[in-house]
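Morning, everyone. I'll talk you through it.

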Amino acid sequence: ATPTAIMVGTGRGAELGVLIKDGTALEHAGAIKTVLLDKTGTITKGRPSLTDFVVLDGSEEGKFASWVAGAEVPSEHPVAKAIVDGIRAKGFEPGKVERFKANGGSGVEAIVGGNAVLVGTRRLMTDWALEIKPEVEQHMQKLEREGKTAMLFAVDGVVSGIVAVADEVGEHSAKAIRELRKLGLLPVMVTGDNRATAEAVAKQVGIDTAEAQVLPSEKAAIVVKHQASGPVAMVGDGVNDAPALAQADLGIAIGGGTDVAMETAGVTLLGNDLRGVATAIRLARATLSTIR
Ligand code: ADP
Ligand code: MG
């Protein structure tokens, strides 16, 4: 495209809240075949809230609630805030954390009031060689089929309950996916969350393909995998997404995303409107076709 066409295209994008970095980003946008979308904060609102707090031995709910909340206080993950706020709303105060370690992609490990507390995925429990009873597994699956993110908690080496959060899908997400399909693009959801939750959320917005249980370090490799079928756009909001945004043919940052995400991305969507992805691609195609 000529410099003038690029100026017109990027100028029009800016009016629509779609900031296109340069001519290269615009050209890449015009060639995209597959659009990978992060789940949390991109397809969903990214502000989950507590839905379930289940203690297997129901007698000591308050103690477990305070240990679990205490373990989540230092965590920066959106589920942590949901858990802490939700447990406070039930009238329990977080216990005092003596030690804390975030385990990227699987949960938290902490010492709270002298107890060893784990909160996170099945994987976190099995990494510590803790047993997950069949009835606990069944309860987890039930919550996940409802689209909730269900996590296990263990205290002093015993899996003691389940805590679940849910995150609403964004107001415009389903419409945005329909628009991508109209453009002939394949939408794919990418998430660290488990398969059942991922598929429940994907279904709500009309996505058929979900890459689930993807560790932060694996996101870029998922992009590479899809690049085998053509140019890939990756849409994300978080620090975790930066390597995937960089690997993609076109990185798209959304939601007043982190600075890292915006620096890496070729396109930044202002506000939280996922429909901007289709806008960017439509604009790019139009700009390129008038020139060639
Ligand atoms: P995503 O950004 O898609 O939610 P993450 O890789 O950040 O994926 O997290 C993957 C999973 O790890 C979450 O779905 C959750 O089950 C677990 N997890 C992450 N952080 C925490 C935390 N602070 N407490 C409990 N579980 C967590
Ligand atoms: Mg995320």
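Predicted model: local features only at pLDDT ≥ 70, side-chain atom pairs only at ≥ 80, totals over all residues.

Residues are numbered from 1 along each chain as its sequence is written, while chains are lettered from A and ligands numbered from 1 in the order in which they are written.

Domains first. The assignment gives domain 1 (3-45 + 170-291) and domain 2 (49-166). Those bounds come from an automatic or database domain assignment. The centres of the two domains, taken over C-alpha atoms, are 32 Å apart. Their contact takes 11 residues from domain 1 and 10 residues from domain 2. Contact here means that the C-beta atoms of two residues, placed from the backbone, lie within 7 Å. On the domain 1 side, helix H9 (residues 195-205) gives the most, with 5 residues. Helices (H or I, at least four residues) and strands (E, at least two) are DSSP runs, numbered from the N terminus. By type, that side of domain 1 divides into 5 nonpolar, 5 polar and 1 charged. For these classes, Ala, Val, Leu, Ile, Met, Phe, Trp, Tyr, Cys and Pro count as nonpolar, Asp, Glu, Lys and Arg as charged, and the others, Gly among them, as polar.

Which residues of H5 are buried? They are Val79, Ala80, Ala82, Ile83, Gly86 and Ile87. These residues cover an arc of only 160 degrees around the axis, which puts them on the same side of H5. The arc is that of the directions from the helix axis to the C-beta atoms. Buried means 20 or more other C-beta atoms within 10 Å of the residue's own, exposed means 12 or fewer, and partly exposed is in between, with C-beta atoms placed from the backbone. Covering the buried residues of H5 are, among others, strand E3 (49-55), helix H4 (61-72), E7 and strand E8 (158-166). After H5 comes Gly91, with a positive phi near 95 degrees.

Next, H10 (residues 219-227). Its buried residues are Lys219, Val223 and His226. They cover an arc of only 65 degrees around the axis, which puts them on the same side of H10. They pack against strand E2 (34-38), strand E9 (186-190), strand E11 (232-236) and helix H11 (242-247).

That brings us to Leu36, in strand E2. Leu36 counts as buried, with 27 C-beta neighbours inside 10 Å. Not counting residues up to four places away in sequence, Leu36 touches Val188, Val190, Ile222, Val223, His226, Val232, Met234 and Val235. Leu36 and Ala233 are 197 residues apart in sequence, yet 6.1 Å apart in space, C-alpha to C-alpha.

Last, two backbone points. Most residues other than glycine have a negative phi. Ala129 has a positive phi, near 60 degrees. Ala129 sits in the loop between helix H6 (122-127) and helix H7 (134-145). Is Ala129 buried or exposed? Ala129 is exposed, with 7 other C-beta atoms within 10 Å. Gln213 also has a positive phi, near 55 degrees. Gln213 lies in the loop between strand E10 (209-211) and H10. Gln213 is partly exposed, with 18 other C-beta atoms within 10 Å.
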